[in-house]
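Please keep the sequence and the structure at hand while reading.

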Amino acid sequence: MSRAYTPKVVTANALIEGDVVYLTADDRWTRDHAEAELIEDEAHAQLRLLKAGHQRNIVVGAYLADARRGPNGPEPIHFREAFRTRGPSNYAHGKQEGAARV
Amino acid sequence: MYKYSDFDEAFVRERNAQFRAQVTRRIDGSLTEDEFRPLRLMNGLYLQLHAYMLRVAVPYGTLSARQMRQLAMIADRWDKGYGHFTTRQNIQYNWPKLTDVPDMLDALGEVEMHAIQTSGNTIRNVTADHFAGAAADEIEDPRPTAELIRQWSTDHPEFQFLPRKFKIGVTGSPNDRAVTKAHDIGLRIVRNASGETGYEVIVGGGLGRTPMVGQVIRPFLPKPDLLPYLGAVISTYNLMGRRDNKYKARIKITVFENGIEKFRDAVEARFEQTRREFSGVNPKILAEIEQSFAPPAFRNAPDGNFDAARDADPVFRAWTETNLTAHRAPGYAIVTVSLKAHGATPGDATSDQMRLLADLADRYGHGELRISHEQNVVLPHVHKSDLPALHAALKTEALATANIGLVSDIIACPGMDYCALATARSIPVAQEIATHFRAIGLEEEIGALKIKISGCINACGHHHIGHIGILGLDRAGVENYQITLGGDHTETLTLGERAGPGFAYDQVVPALERLLRTYIDLRTDRNETFLDAYRRLGAEPFKTALYPAEATRDAA
């Protein structure tokens, strides 16, 4: 029996700022993990990654990261991906800086 | 200070103009990321976890006050108002935008700085003893040698595509503060029987996933032979080094797999040729380099109120006991300014701190600053009569922490807070250790101790050679920290031994407290450091302290 597919999001870094971005279902790049498209099918994930790879003037280094469904949208699973949604732990810089300003 | 020649200046300006055009072509789509990546890395620009990172070379760790002010300006204008000083004496900016980097490089060029060869498979920034030109124990200032190598290796056509990166460290003192035995090539300035100075050449050292202690390949190399000999070593490595496996491509593996004898024979054969072809360094250029590192005009003056201030102010006294090192000139001291205030990020300096350090260097330190591989800033030449005023001024920017060489003076790599390669965080571990041991009042009691933390096996945080080394790993999706004991970063370089299974993130500080309380219980007296006690007693009592449950089980 094949193992259940762990859902994925497509993530990358923005070309100009280097900030972490995620691919949405309507083909935008968002800076918010919860807005990402949660991909539950392996073949679809490969297609979405391929699409991301073609947007080479917008993003760099696209890859698939494990994620799960949460109450407000997809949530990261691995701690590295959790850090990428926030920023560093020693200063309130990166995404958490923007969040604090809102 | 070494001053750029017209040639240096034109070269850096042209490289910056090339990079500006490359950035434009990347953004308009003419260059793919695969094409652009090697170009940006050649100019020190990495893409990290949350942003780009620009690594700027601080050659042999020496900075002028003017350069430090410019680093502060760059931090304010294009970054987030701070910079991170690294274990290779460089500075990294953690938040530049791709479109701003060409302007940052031009601003660096204005003060004779750049980011060339701070990445890539080339000869990297040459590091040196951070007390060079000041230390009482020094045979000779290593910086003219380091500068000569910098000029020779920058854009060297033969060495732009080595199997892997290549790091050279130089010391002029028998007490090695430049970790020469953990470099691809380490150079120690030594004196031979007839009193001439030359180099002991060490090859094949390194940390990373396969740590190795460098071996002496030449006990005494006459100074005029330096460049042809380095050329022989590196070109031998360039041919013999492995390119099939990135993890076996450093010279330490080449030396290890071939054996030092075979490697030495190959180098000597090549050296016959390189020496024959070498026309010698232009004596005028050599004289200019040596002149630019001439010591400043030290003043001969009484110590003033230095002793009285020590008697009157216990805070000042404590600082003088930890943060000063013996200077060669009478009446002078070497000041290490701690970038490790308890709870601060090791190696980080705000732009205000950088400006204050620049001003204090001008006022009290002959305009000179150093960056140490231990991630502190050094004012190498301060007259003792100026120390009370200097200390008072440092306090205004939280730079007067009296902890050099103590438990809180920790080396930590950026770890997973910034680095794309990291497997776990380093910085918050360092912050918690520093604040915890101060809070429980054990810092002074523990005394001399080197804790070094890396957030992955690449070992930028030098964990193998910490008295206590901490290595952050990813174990099944959870941060996990391995502890090594008994490492030594000096001329008696020793790799630490892994104590046992790793600890969860929140168990590292409690484990260290058990370890260090055991050390205090077992030491003969306060003069026996942790490392001395470890060497006398062996690993067992310390392992028992780290893993009490296992010890109980074994005894049962």
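In chain B, A65(B), M68(B), R69(B), L71(B), A72(B), A75(B) and D76(B) of helix α3(B) are in contact with S351(B), M354(B), R355(B), L357(B), A358(B), A361(B) and D362(B) of helix α12(B); contact means that the C-beta atoms, placed from the backbone, lie within 7 Å. The model is predicted: local features need pLDDT of at least 70 and side-chain atom pairs count only at pLDDT 80 or more, while totals for chains, interfaces and linings use all residues. Residues are numbered from 1 along each chain as its sequence is written, and chains are lettered from A and ligands numbered from 1 in the order in which they are written.

**Helix pair in chain B**
- By class, the contact of α3(B) with α12(B) has nine nonpolar, one polar and four charged residues (Ala, Val, Leu, Ile, Met, Phe, Trp, Tyr, Cys and Pro count as nonpolar, Asp, Glu, Lys and Arg as charged, and the others, Gly among them, as polar).
- Helix α3(B) spans residues 65-78 and helix α12(B) residues 351-364, and they pack at an angle of about 165° with their axes 8 Å apart (axes are lines fitted to C-alpha atoms, for helices over the stretch in contact, and angles run from 0 to 180 degrees between N-to-C directions).
- α3(B) and α12(B) are therefore roughly antiparallel to each other, a term for angles over 145 degrees.
- The crossing of α3(B) and α12(B) is left-handed, that is, the near helix is turned anticlockwise from the far one by less than a right angle.

**Domains of chain B**
- The domain assignment, from an automatic or database source, gives domain 1 (6-110), domain 2 (142-292), domain 3 (306-395) and domain 4 (413-555).
- The C-alpha centres of domain 3 and domain 4 of chain B are 28 Å apart.
- Five residues from domain 3 of chain B and six residues from domain 4 of chain B make up their contact.

**Contact between the chains**
- Chain A brings 22 residues into contact with 24 residues of chain B.
- On the side of chain A that touches chain B, β4 (59-70) and α2 (79-86) are the elements that give two or more residues.
- The largest share of that side, four residues, comes from α2(A).

**Build of chain A**
- Chain A has three helices and five strands (DSSP runs, numbered from the N terminus: H or I of at least four residues for helices, E of at least two for strands).
- Along the sequence, chain A runs β-β-β-α-β-β-α-α.
- The C-alpha atoms of chain A fill a box of roughly 45 × 30 × 20 Å, taken along the principal axes.

Definitions and conventions
Contact = placed C-beta atoms within 7 Å. Parallel < 35°, antiparallel > 145°, perpendicular 65-115°, else oblique.
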